[in-house]
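I opened my notebook for another pass through a model. Here is what I looked up, in the order I looked.

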Amino acid sequence: MEELLKSITMGLVDNPDAISIEVDEPDEEGVTVYHLHVDESDMGRVIGKQGRIAKAIRVVMRAAANRRDAKISVEID
């Protein structure tokens with residue numbers, strides 16, 4: 001899952017070396033939180049106009065997680 005998030009994000013940013021992902025342990029509801037960190041100059045590219053790209057990233061990640069019977073959340077920091 002982490003590699004999928006990284007590969008999606010690499011296509012969007014100018015500085016792919018600045019991408020870092022932190023993964024939290026699942027909480028009591030079984031939701032694993034992925035914290036995506038990108039360079040400050042690439043933040044607008046990852047979020048998109050009115051958050052459309054961020055929403056699309058979350059949809060794709062949730063769909064991939066559902067195929068593995070997992071629950072995830074993506075936070076863009």
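Predicted model: local features only at pLDDT ≥ 70, side-chain atom pairs only at ≥ 80, totals over all residues.

**Entry 1: Gly 30**

I began with Gly 30, which is partly exposed at a relative accessible area of 33%. For that label I use under 20% relative accessible area for buried, over 50% for exposed and partly exposed in between, with a 1.4 Å probe and protein chains only. Gly 30 sits in the loop between strand 1 and strand 2. My helices (H or I, at least four residues) and strands (E, at least two) are DSSP runs, numbered from the N terminus.

Residues are numbered from 1 along each chain as its sequence is written, and side-chain values use heavy atoms, with hydrogens and water left out.

I count two strands as paired if DSSP finds at least two bridges between them. Strand 1 (residues 20-23) and strand 2 run antiparallel and are joined by four bridges. Ile 21 has Leu 36 as its bridge partner in strand 2. Strand 2 also pairs with strand 3 (residues 71-76), in the parallel sense, over six bridges.

Is strand 2 mostly covered or open? It is mostly covered: of the seven residues in strand 2 (residues 31-37), six are buried.

**Entry 2: Thr 32**

Thr 32 lies in strand 2 and is buried, with a relative accessible area of 14%. Contact, in my notes, means heavy atoms within 4.5 Å. Not counting residues up to four places away in sequence, Thr 32 touches Val 23, Asp 24, Pro 26, Lys 71, Ile 72 and Ser 73.

**Entry 3: His 35 and Glu 75**

I moved along strand 2 to His 35. His 35 counts as buried because its relative accessible area is 17%. Which residue stands opposite His 35 in strand 3? I found Glu 75 there.

The side chains of His 35 and Asp 24 make a polar contact of 2.9 Å. I take a polar contact as a pair of N or O atoms within 3.5 Å; within protein, one must be able to donate a hydrogen and the other to accept it, and residues adjacent in sequence count only if both atoms are side-chain atoms. Leaving aside neighbours within four places in sequence, the contacts of His 35 include Ser 20, Glu 22 and Asp 77.

Glu 75 is partly exposed, at 34% relative accessibility. Beyond four places in sequence, Glu 75 touches Val 33, Tyr 34, His 35, Leu 36 and Arg 58. The C-alpha atoms of Glu 75 and Val 33 are 7.1 Å apart, though 42 residues separate them along the chain.

**Entry 4: the core**

Then I looked for nonpolar cores, meaning sets of buried Ala, Val, Leu, Ile, Met, Phe, Trp, Tyr and Cys residues joined through side-chain atoms within 4.5 Å. The largest has 18 residues, and Leu 36, Val 46 and Ile 72 are among those with the most contacts inside it. Strand 2, helix 2 (43-47), helix 3 (52-67) and strand 3 each give two or more residues to this core. Helix 3 supplies the largest share, five residues.

For Leu 36, contacts beyond four places in sequence include Leu 5, Ile 21, Val 46 and Ile 76.

**Entry 5: the salt bridge**

How many salt bridges does a search of the whole structure find? One turned up, with a side-chain nitrogen of Lys or Arg within 4 Å of a carboxyl oxygen of Asp or Glu as my criterion. Asp 14 and Arg 45 form it, with the closest N and O atoms 3.2 Å apart. Asp 14 is in the loop between helix 1 (2-10) and strand 1, and Arg 45 is in helix 2, so the pair ties together parts 31 residues apart in sequence. Asp 14 is exposed at 56% relative accessibility, whereas Arg 45 is partly exposed at 42%.
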